[in-house]
Amino acid sequence: MLERISIPSSVDRRVVSPEIRLWINDARNRIEAFQDRWDRPLMEQFVAADYELVYQTLAWAIESQMLIGRRFLEWGCGFAVVSALASTLDLDVIGIEAEADLLDQGRGLTKDWNVNLELVCGNFLPADAEHLADDPTLPSLGHAVESAYEMIGLDLDDFAIVYSYPWPGEDDFHERVFQRHAARGALLMQFCGPNDVRLWRKRS
């Protein structure tokens, strides 16, 4: 089962360094420029998270919660902003993204920021995980790319922390996938909208 971990309301008052603030501003500018381009279709399956709040919550979780390891995985990393921020917190980071255009943006961002992580083009769902969905139209389903886990030589249960930004209505699907495939003791962090970051631990 998954146990919900209470996140203190003061987490958004944690100090964020000037460098991290500059990075987040740079990421927002890159995303705005990408979305404003007229020569490509709008990428409907990409919405930016509140990166500052996610970073603050992740830093709090690393400090306050027992970790079973240092491997961090981002499901659907997009511009890889969260992955890049996580890499500054002494985590071994992998981001998985199915959309090649978004992955190109993520690789450019992480190169410019000079952060150490791995980005992989693929499906973040483990093999046979789609049957855990109760709605076949969920955005996480149907990506025409192979599961990324064979490419990286790891399984979901090799990661200590998994981060996702589920679309409305699919948060419970992400939770079921994590419950089925993650390691006991691992953490699932979800950004579910403004001022709504959730943290879960797999207990059994």
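# Notebook: cysteines, sheet and salt bridges

**Entry 1. Cysteines**

I started with Cys 192: its sulfur lies 18 Å from the closest cysteine sulfur, which belongs to Cys 77, and that is too far for a bond. I note here that the model is a predicted one. I also looked up the exposure of Cys 192. This residue is partly exposed, with a relative accessible area of 23%.

Next I took Cys 77. What is the closest cysteine sulfur to that of Cys 77, and how far away is it? It is the sulfur of Cys 121, at 9.4 Å, and this pair too is too far for a bond. A disulfide needs the two sulfur atoms within 2.5 Å. Cys 77 is buried, at 4% relative accessible area.

I then checked the total. How many disulfides does a search of the whole structure find? The search returns zero.

**Entry 2**

I traced the strand order next. Seven strands make an open sheet, ordered S1-S7-S6-S5-S2-S3-S4, with mixed pairing. Which strands sit at the edges? They are S1 and S4 (118–121), and each of them pairs on one side only. From one strand to the next, the twist averages 20°.

I went through some of the pairs. S1 and S7 run antiparallel and are joined by four bridges. Within that pair, Ile 5 has Leu 199 of S7 as its bridge partner.

I noted that H2 packs on this sheet and touches S1, S2, S5, S6 and S7. The direction of H2 makes about 160° with that of S6. H6 packs on the sheet as well, touching S1, S2, S5, S6 and S7. For H6, the angle with the direction of S6 is about 165°.

Then I moved to S5. S2 and S5 pair in the parallel sense, over four bridges. Here Glu 74 has Tyr 163 of S5 as its bridge partner. S5 and S6 also pair in the parallel sense, again over four bridges. In that pair I found Ser 164 bridged to Gln 190 of S6.

Are the residues on the two faces of S5 buried or exposed? Both faces are covered. Ile 161 and Tyr 163 point to one side, Val 162 and Ser 164 to the other, and all are buried.

**Entry 3. Helix H6**

I came back to H6, which spans residues 171–181. Which of its residues are buried? I listed Phe 173, His 174, Glu 175, Val 177 and Phe 178. The buried residues of H6 pack against S1 (2–5), S2 (71–75), S5 (161–164), S6 (187–191) and S7 (197–202).

**Entry 4. Gln 190**

What does the side chain of Gln 190 reach? It reaches the backbone oxygen of Asp 171, at 3.2 Å.

I also looked up what Gln 190 touches, leaving out residues up to four places away in sequence. Among the residues found are Ser 164, Pro 166, His 174 and Glu 175. Asp 171, Asp 196 and Arg 198 are also included.

**Entry 5. Salt bridges**

How many salt bridges does a search of the whole structure find? I got nine.

I looked at two that involve Arg 198. Its side chain meets that of Asp 171 in a salt bridge, at 2.8 Å from N to O. That pair links distant parts of the chain, with Arg 198 in S7 and Asp 171 in H6, 27 residues apart. Arg 198 also forms a salt bridge with Asp 196, at 2.9 Å from N to O. Is Arg 198 buried or exposed? Its relative accessibility is 19%, so Arg 198 counts as buried. The cut-off for buried is under 20%.

The side chains of Glu 52 and Arg 21 meet in a salt bridge, at 3.0 Å from N to O. This pair also links distant parts of the chain: Glu 52 lies in H2 (residues 51–64) and Arg 21 in H1 (residues 18–35), 31 residues apart. Arg 21 is partly exposed, with a relative accessible area of 37%.

Last, I recorded a network. Salt bridges link Asp 26, Arg 30 and Asp 112.

Terms used. Residues are numbered from 1 along each chain as its sequence is written. This is a predicted model: local features need pLDDT of at least 70, side-chain atom pairs count only at pLDDT 80 or more; totals for chains, interfaces and linings use all residues. Side-chain values use heavy atoms; hydrogens and water are left out. Buried means under 20% relative accessible area, exposed over 50%, partly exposed in between (1.4 Å probe, protein chains only). Contact means heavy atoms within 4.5 Å. A salt bridge is a side-chain nitrogen of Lys or Arg within 4 Å of a carboxyl oxygen of Asp or Glu. A polar contact is a pair of N or O atoms within 3.5 Å; within protein, one must be able to donate a hydrogen and the other to accept it, and residues adjacent in sequence count only if both atoms are side-chain atoms. Two strands pair if DSSP finds at least two bridges between them. Axes are lines fitted to C-alpha atoms, for helices over the stretch in contact, and angles run from 0 to 180 degrees between N-to-C directions.
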